[in-house]
Amino acid sequence: MTTPIRRVSRRMPGWAKAVSAVVLVLVVFFAGIRLSVLPGLKDLFGTETHDRSGPALLQSIQDMSRYDAASGNFQVVVDLEKDTKYLPDAIRGSRTLYIGAGTVDAYVDLGKVGKDDVTVNGDRTSATLRLPHAVLGKPALDPDRSYAVSKQRGLLDRLGDLFSDNPNSEQAVQKLAVKHIGEAAKDSGLTRRAETNTTDMLDGLLRSLGFKEVHVSYGS
């Protein structure tokens, strides 16, 4: 005699279904706010921005003895792509197209000029100066002229932004922009221009003081 097999149906209780539905709605709701897939949600709560920063504190003062003789304006297009092995870009990966604009100064450090580097004749009509070569300052990125053209992120990267303190950080592309601007400045002839401008400045200054001849050279 065969004993019939009873199939027991396990159904989710009604209260569990209700809780699951509420949780799902909240997840979709807040994900829509963070990922901007549901337009208008950010304005629903009337978000306001308040600047509660404290006063800036002066930490140190440094006397400057350099003459900023030339400044170059640069712009670079940074295309940064990050891939993950064995996963398509739509799942894990990112690509950012960033326009970086900044300046680089070229200067002559007059503080390194010693007594032996300046020669004046007896009647103070001729002066000879030996100055250090012009050097480049650090590239300065201009935030008002730099911006991200496009950002592409995979699904896992977007989900990770939900738990990130700074999901829209552009630090990596900004560092690359500064690096490329600095490299471009080295090949721009900016230091030669700075030395020419410094020579012209000293020539005009010393001639206004009565010198008839002014000779300026550069070297260590």
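Me: Let's start with the layout. How many helices and strands does the chain have?

Reply: The chain has 4 helices and 8 strands, with helices (H or I, at least four residues) and strands (E, at least two) taken as DSSP runs and numbered from the N terminus. Along the sequence, the elements follow the pattern α-β-β-β-β-β-β-β-α-α-α-β. Keep in mind that this is a predicted model, in which local features need pLDDT of at least 70 and side-chain atom pairs count only at pLDDT 80 or more, while totals for chains, interfaces and linings use all residues. Residues are numbered from 1 along each chain as its sequence is written, and side-chain values use heavy atoms, with hydrogens and water left out.

Me: Where in the chain is confidence lowest, and where is it highest?

Reply: The score to look at is pLDDT, the predictor's confidence in each residue, from 0 to 100. Where pLDDT is low, the predicted coordinates should not be read in detail. Here the chain averages a pLDDT of 78, and 62% of the residues score at least 70. Confidence is lowest in helix α2 (residues 155–161), with a mean of 54, and highest in strand β5 (residues 135–136), at 96.

Me: Which residues of the largest nonpolar core touch the most other members?

Reply: In soluble globular proteins, nonpolar side chains tend to be buried together. A nonpolar core is a set of buried Ala, Val, Leu, Ile, Met, Phe, Trp, Tyr and Cys residues joined through side-chain atoms within 4.5 Å; buried means under 20% relative accessible area, exposed over 50%, and partly exposed in between (1.4 Å probe, protein chains only). In this model the largest core has 24 residues, and Val78, Val104, Leu129, Leu131, Ala194 and Leu206 touch the most other members. At least two core residues come from each of β1 (66–83), β2 (93–109), β4, α3 (171–186), α4 (190–208) and β8 (213–218), with β1 giving the largest share, 5 residues. Over the whole chain of 220 residues, 23% count as buried.

Me: What does Val78 touch?

Reply: Contact means heavy atoms within 4.5 Å. Leaving aside residues up to four places away in sequence, Val78 touches Thr96, Leu97, Tyr98, Val173, Leu176, Ala177 and His180. For the chain as a whole, among contacts between residues at least 6 apart in sequence, 75% join residues at least 24 apart.

Me: How do I read strand pairing, and in which sense do β3 and β4 pair?

Reply: Two strands pair if DSSP finds at least two bridges between them. β3 and β4 pair in the antiparallel sense over 3 bridges, and Val120 stands opposite Ala127 in β4. β4 also runs parallel to β8, joined by 6 bridges; there, Thr128 stands opposite His215 in β8.

Me: Where is Arg124 found?

Reply: Arg124 is in the loop between β3 (118–120) and β4 (126–131). This hairpin has 5 residues between the strands. Arg124 has a positive phi of about 55 degrees although it is not a glycine. Its relative accessible area is 54%, so Arg124 is exposed.

Me: How many salt bridges does a search of the whole structure find?

Reply: A salt bridge is a side-chain nitrogen of Lys or Arg within 4 Å of a carboxyl oxygen of Asp or Glu. The search finds 4. One of them joins Asp117 and Arg130, with the closest N and O atoms 2.6 Å apart. Asp117 lies in the loop between β2 and β3 and Arg130 in strand β4, so this pair ties together parts that are 13 residues apart in sequence. Asp117 is buried at 17% relative accessible area, whereas Arg130 is partly exposed at 37%.

Me: What separates Asp203 from Arg207?

Reply: These two are 4 residues apart in helix α4, so about one helical turn separates them. Asp203 is partly exposed at 23% relative accessibility, and Arg207 is partly exposed at 41%.

Me: Is Ser146 buried or exposed?

Reply: Ser146 counts as buried, at 9% relative accessibility. Ser146 sits in the loop between β6 (140–141) and β7 (147–153). Its side chain reaches the backbone oxygen of Asp142 at 2.8 Å, and a polar atom of the Ser146 side chain lies 2.9 Å from the backbone nitrogen of Ala101. Not counting residues up to four places away in sequence, Ser146 touches Tyr98, Ile99, Gly100, Ala101 and Leu141. Asp142 in turn forms a salt bridge with Arg145, the closest N and O atoms being 3.0 Å apart.

Notes: A polar contact is a pair of N or O atoms within 3.5 Å; within protein, one must be able to donate a hydrogen and the other to accept it, and residues adjacent in sequence count only if both atoms are side-chain atoms.
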